[in-house]
Amino acid sequence: MKNLLIVFILLFSIQNSKSQELETILLAADDASLLTQNYLNPAMEGLMYSMNGGWYSTAKTHKKFGFDIMINANASFVPSQDQLFAFVPGDYTFLSLPNGETSLNTVMSENDAETQIDISIPTGEGTFKVASFDMPGGITDDLPINAVPTPMVQLGFGLPFNTDIKLRLFPELNFDDSVNANLIGFGLQHDLMQYLGPLDKLPLSLSILGAFTNMKVTYDIDDENTEDEVAVSNGEAEFKMNTWTIQAIASLDFKIITLYGSVGYNQGKTTAKMKGDYVLTYDVVDSNGNVIGTIDESISNPINLDFEANGMRATLGTRLNIGFFKIFADYTFQDYNTATAGIAFSFR
């Protein structure tokens, strides 16, 4: 499974990630989920916060049958305290750090140094070290900023009753005959000024937005992409993400420039699973480095991760209007602050 981490990293569009062979950590399957979850957590949180951005650049809705096409990118910044996670020995049954470290880098750290981790498995004759692996460091030295990026293409369409429907849709994509990915998102933005009588003559616009995004990626794992020591049956890595946001939006819409802001709430849930049956063959080594036996071990569904992110958000932004062509940028204050920039082609 040399590409397992690459699959997870591809989920949030980081291209220059590092891969790590994780066959050895499957020997300590009870610890694999916890270690992997701690390592990936800031990237997954950043992804969920980032996916809830970029839904609008004004509070003003389209006229009936008006539409726009938006192309934007969101980048959620990882707080410094989330670039490391504490390694608590008591939380792990089989894993230890032989060099005495007390913390490890997450995937979104600036340190790309690897850290050795030992795996010890109890047998009838005692507990023996059976393997070591190098836990990868962070990947952000290869990125322009320490942030989780999400590019997005979106279509908005004006419905009756001063309501816009918004659609984010990537049809199913296939990579190397083993990776399948798709994304779909829906949003509704409803104008509130229509209920405020003569105030609707002002350049002020008020609206409310609700939006949902679902993303799923699967990666087929078979004997061709594992080492000889691992036999695989029905192997698959699966990633599912659902995010929701509800926001109250206000904007001042002038001919050349639009100023907009919002307050709202985000929620996101993500699962990442490594499913299937795995048979591992490994040597048992005593304290002198001598091989004292060989063991075959069967493991099913070794990794099951759950990530959540939620909290309040506040956004400030501006848009330049050049006819039907728009250029916009905004900044959202939340647990993982997020910057958004993009262009739009809007026809009212």
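Across the whole structure, a search turns up three cavities of 30 Å³ or more. Keep in mind as you click along that this is a predicted model.

**Stop 1: the largest cavity**

Start with the largest cavity, whose volume is about 110 Å³. To find it, select Ser57, Thr58, His62, Asp68 and Arg319, the lining residues that lie nearest its centre. What classes of residue make up the lining of the largest cavity? Six are charged, five are polar and three are nonpolar.

**Stop 2: Ser109**

Next, select Ser109, in the loop that runs between β4 (103-105) and β5 (115-123). Is Ser109 buried or exposed? Its relative accessible area is 2%, under the 20% limit, so Ser109 counts as buried. Show the neighbours too: leaving aside residues up to four places away in sequence, Ser109 touches Gln83, Gly137, Gly138, Ile139 and Thr140. Among these, Gly138 deserves a distance label, as its backbone nitrogen lies 3.2 Å from a polar atom of the Ser109 side chain.

**Stop 3: the salt bridges**

For the last stop, look at the salt bridges, of which a search of the whole structure finds two. Select Glu236, Glu238 and Lys275 together, and you have a linked network of salt bridges on screen.

Take the pair Glu236 and Lys275 to begin with: the closest N and O atoms of this salt bridge are 3.5 Å apart. The pair links distant parts of the chain, with Glu236 in strand β11 (residues 230-253) and Lys275 in strand β12 (residues 257-285), 39 residues apart.

Then move to Glu238, which also forms a salt bridge with Lys275; here the closest N and O atoms are 3.3 Å apart. Because Glu238 sits in strand β11 and Lys275 in strand β12, this pair ties together parts that are 37 residues apart in sequence.

Where does Glu238 stand, buried or exposed? With a relative accessible area of 9%, Glu238 is buried. Lys275, at 27% relative accessibility, counts as partly exposed, because that class covers values between the 20% limit for buried and the 50% limit for exposed.

Notes. Residues numbered from 1 in each chain as written. Predicted model: local features only at pLDDT ≥ 70, side-chain atom pairs only at ≥ 80, totals over all residues. Heavy atoms only, no water. Salt bridge = Lys/Arg side-chain N within 4 Å of Asp/Glu carboxyl O. Helix = DSSP H or I, 4+ residues; strand = E, 2+ residues; numbered from the N terminus. Buried < 20%, exposed > 50% of the residue type's maximum accessible area, 1.4 Å probe, protein only. Polar contact = N/O pair within 3.5 Å; in protein donor to acceptor, adjacent residues only side chain to side chain. Contact = heavy atoms within 4.5 Å. 1 Å grid on protein atoms, 1.4 Å probe; cavity = no way out; pocket = protein on both sides within 12 Å on 5 of 7 lines; lining within 4 Å. Points joined across faces, edges and corners; volume = space filled by probe spheres on them. Nonpolar A, V, L, I, M, F, W, Y, C, P; charged D, E, K, R; others polar.
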